[in-house]
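Good morning, and thank you for coming. Please look at the sequence and the structure as I put them on the screen.

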Amino acid sequence: MDTKELLKKVRKIEIKTRRLSDHIFGGEYHSTFKGRGMTFSEVRQYQFGDDVRSIDWNVTARYNEPYVKVFEEERELTMMLMVDVSGSELFGTNNQFKKEIITEISATLAYSALQNNDKVGLLLFTNEVELYIPPKKGKSHALRIIRELLEFSPKSSETDLGAALKFLTNVMKKKAIVFVLSDFITDDYLQTLRITGKKHDLTGIRVFDEREETIPNLGMVQMQDAETGAIQLVNTQSKKVRMAYGKHYSERVAYFQETFTKSGCGVLSCRVDESYVKKLLGYFKRRG
């Protein structure tokens, strides 16, 4: 992609996603996440109408009258976008690759955070961490994130979410809002997700294409694994082959949903031909 074409693409995504975050997501993002970044400030005497759940029982016992804890909303939060850039993200049958939808969702989330004066960082991963951009504020920083999402060329085409989560835990010392964007055609990340989910407010956004769910009956077909590059001849006429593929795919999806839910993390699935705007809004409203 030459520079002129890249700038044109960046500008197109910037205009679309900024409009979405300005008019739709800014307020939803604020109400969903802002109230969660609370720091303890002081205690004061209980007043009629105060929430009994905020009573500080130690201070109450000491002074023999009720005292409540007073919290302050943290002025800024940090958002981390963890984006899977492995080979399978280049799959698409409805005139859009999964990668393109992931880029648009990431840009919309980034602008929603920046609109609320929060920092945004980016972590691109395959079976290793390919790129890490520390969280910062500002329009030029958001444009750099979009640029990397559009043109970054990964060294590997495989996926290891566990390794990326481990890196995030080591590098992010303070609690952050974390969105993991992937098709989640991978497994073996339960342990690391549990650790990361305790420390951060984490959501998995699964972007998928309906044509991945089943193999159509096309006879003998030469297929290439997008992640390993291996080519093999597959008899798609065989019901057994089609069933085995469908089982493998549905097992990965179930693993994603169960693992994230068990770890106390949010889950959101969006098909490439669906409106991610409706999906994100619905998710924010459910959580708000």
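I shall begin with the chain as a whole and then turn to its helices and a few single residues.

This is a predicted model, in which local features need pLDDT of at least 70 and side-chain atom pairs count only at pLDDT 80 or more, while totals for chains, interfaces and linings use all residues. Residues are numbered from 1 along each chain as its sequence is written, and side-chain values use heavy atoms, with hydrogens and water left out.

The protein chain contains 8 helices and 10 strands. Helices (H or I, at least four residues) and strands (E, at least two) are DSSP runs, numbered from the N terminus. Of the 288 residues in the chain, 47% are buried. Buried means under 20% relative accessible area, exposed means over 50%, and partly exposed is in between, with a 1.4 Å probe and protein chains only. A contact means heavy atoms within 4.5 Å. Among contacts in the chain with a separation of 6 or more, 74% join residues 24 or more positions apart.

Let us now consider pairs of helices. Two packed helices are described by the angle between their axes and the distance between the axes. The axes are lines fitted to C-alpha atoms, for helices over the stretch in contact, and angles run from 0 to 180 degrees between N-to-C directions.

How do H3 and H4 lie relative to each other, parallel or antiparallel? The axes of H3, and of H4 at residues 139-151, come within 10 Å and cross at roughly 170 degrees. The two helices are therefore roughly antiparallel. For such angles, under 35 degrees counts as roughly parallel, over 145 as roughly antiparallel, 65 to 115 as roughly perpendicular, and the rest as oblique. On the H3 side, Lys99, Thr103, Ser106, Ala107, Tyr111 and Leu114 meet Ala142, Leu143, Ile146, Leu149 and Leu150 of H4. By class, this contact of H3 with H4 has 8 nonpolar, 2 polar and 1 charged residues. Here Ala, Val, Leu, Ile, Met, Phe, Trp, Tyr, Cys and Pro count as nonpolar, Asp, Glu, Lys and Arg as charged, and the others, Gly among them, as polar.

Helix H3 (residues 98-115) also packs against helix H8 (residues 276-287), at an angle of about 45 degrees and with the axes 11 Å apart. That angle makes H3 oblique to H8. In this contact, H3 supplies Ile101, Glu104, Ile105, Thr108 and Leu109, and H8 supplies Tyr276, Leu280 and Phe284. These residues divide into 6 nonpolar, 1 polar and 1 charged.

Next comes helix H7. In H7, the buried residues are Gly246, Tyr249, Arg252, Val253, Phe256, Thr259 and Phe260. They pack against helix H6 (190-199), strand S7 (201-208) and strand S10 (266-271). Val241 also lies in H7, but Val241 is partly exposed, with a relative accessible area of 30%. Just after H7, Gly264 takes a positive phi of about 75 degrees.

Which residues does Thr186 touch? Thr186 lies in the loop between strand S6 (177-182) and H6, and is buried, with a relative accessible area of 10%. Leaving aside residues up to four places away in sequence, Thr186 touches Thr159, Arg252 and Tyr255. Arg252 is one of the buried residues of H7.

Tyr132 is partly exposed, at 23% relative accessible area.
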